Amino acid sequence: TRYISVTGVQTCALPICKREISVRQIVANVQSTFGESEDTALAGTKRWRLALWNGITQDVIYGDFPLGFGMGVNIAERYDAVPIQQDPFQTLRNAHNSHLTILARMGIPGATIWATIWVTFGVMTLRVRHRLRRTDPEASGLLTWLLIAAVAVLANAVFDPSLESPQVAVPFYTLVGTALGMMARVRAGYPALETTKTGPID
């Protein structure tokens, strides 16, 4: 088992079933989609992934389903893009891309809200981080790490349905919630990390 390192990226990996979230894995996913990959397993999924993603964007953004297909439709089967699975219970149902799954199921309005949430989160985190750089560098550093971790998971979700599994979703939203809690304390005038104070900072 490998773990995230707070002080560096050399061991920045999360075990996710048989895959991991790491810098190396994200690079491999990008290469398998937009270029040539040495990983035969990833290269083999390139064709059906691109066909699936293209079908979703054409139908939802440019076609007759701007509000999406809803929550019950098997998105992969709709486009005949279901990869062969040894285990029938692991059949793909979504877009193999957590963000496109939002677009496919909730349409343009849902995807717009989804994008707005994460852009707002990023801007808020950067602002509070900048505010804390001089007054509380430890809290500023932690917020930086939380933001990097969130961005890494969101980036990996472009190439892998990672946010649809509890192994990723639970720690991911825990990290996001921690960052939101710290920012809420700062905005209320309390220290971002200290919990022994009984009142706001003067």
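Q: What pLDDT does the chain average?
A: This is a predicted model, in which local features need pLDDT of at least 70, side-chain atom pairs count only at pLDDT 80 or more, and totals for chains, interfaces and linings use all residues. Residues are numbered from 1 along each chain as its sequence is written, and side-chain values use heavy atoms, leaving out hydrogens and water. pLDDT is the predictor's confidence in each residue, from 0 to 100. At least 70 is scored by 68% of the residues, and the chain average is 77.

Q: Is I75 buried or exposed?
A: Buried means under 20% relative accessible area, exposed means over 50%, and partly exposed lies in between (1.4 Å probe, protein chains only). I75 touches L52, I56, F69, R93, N94, A104 and R105, not counting residues up to four places away in sequence. Its relative accessible area is 1%, so I75 is buried.

Q: What distance does helix 6 reach from its first C-alpha to its last?
A: Helices (H or I, at least four residues) and strands (E, at least two) are DSSP runs, numbered from the N terminus. Helix 6 covers residues 166-187, which is 22 residues. The expected span is 1.5 Å times one less than the number of residues. That gives an expected 32 Å, and helix 6 comes close to it at 31 Å.

Q: Why do the buried residues of helix 6 lie on the same side?
A: The buried residues are V168, A169, F172, V176, A179, M182, M183 and V186. The arc is that of the directions from the helix axis to the C-beta atoms. They lie on the same side of helix 6 because they cover an arc of only 165 degrees.

Q: Which kind of aromatic pair do F65 and F69 form?
A: Rings of Phe, Tyr and Trp (its six-membered ring) pair if their centres lie within 6.5 Å; planes under 30 degrees apart count as stacked, over 60 as edge-to-face and the rest as tilted. The F65 and F69 centres are 4.8 Å apart, with 50 degrees between the planes. The pair is tilted.

Q: Which kind of pair do F172 and Y173 form?
A: F172 is buried at 2% relative accessibility, while Y173 is partly exposed at 39%. Their ring centres are 4.9 Å apart. Their planes stand at 65 degrees, so the pair is edge-to-face.

Notes
Contact = heavy atoms within 4.5 Å.
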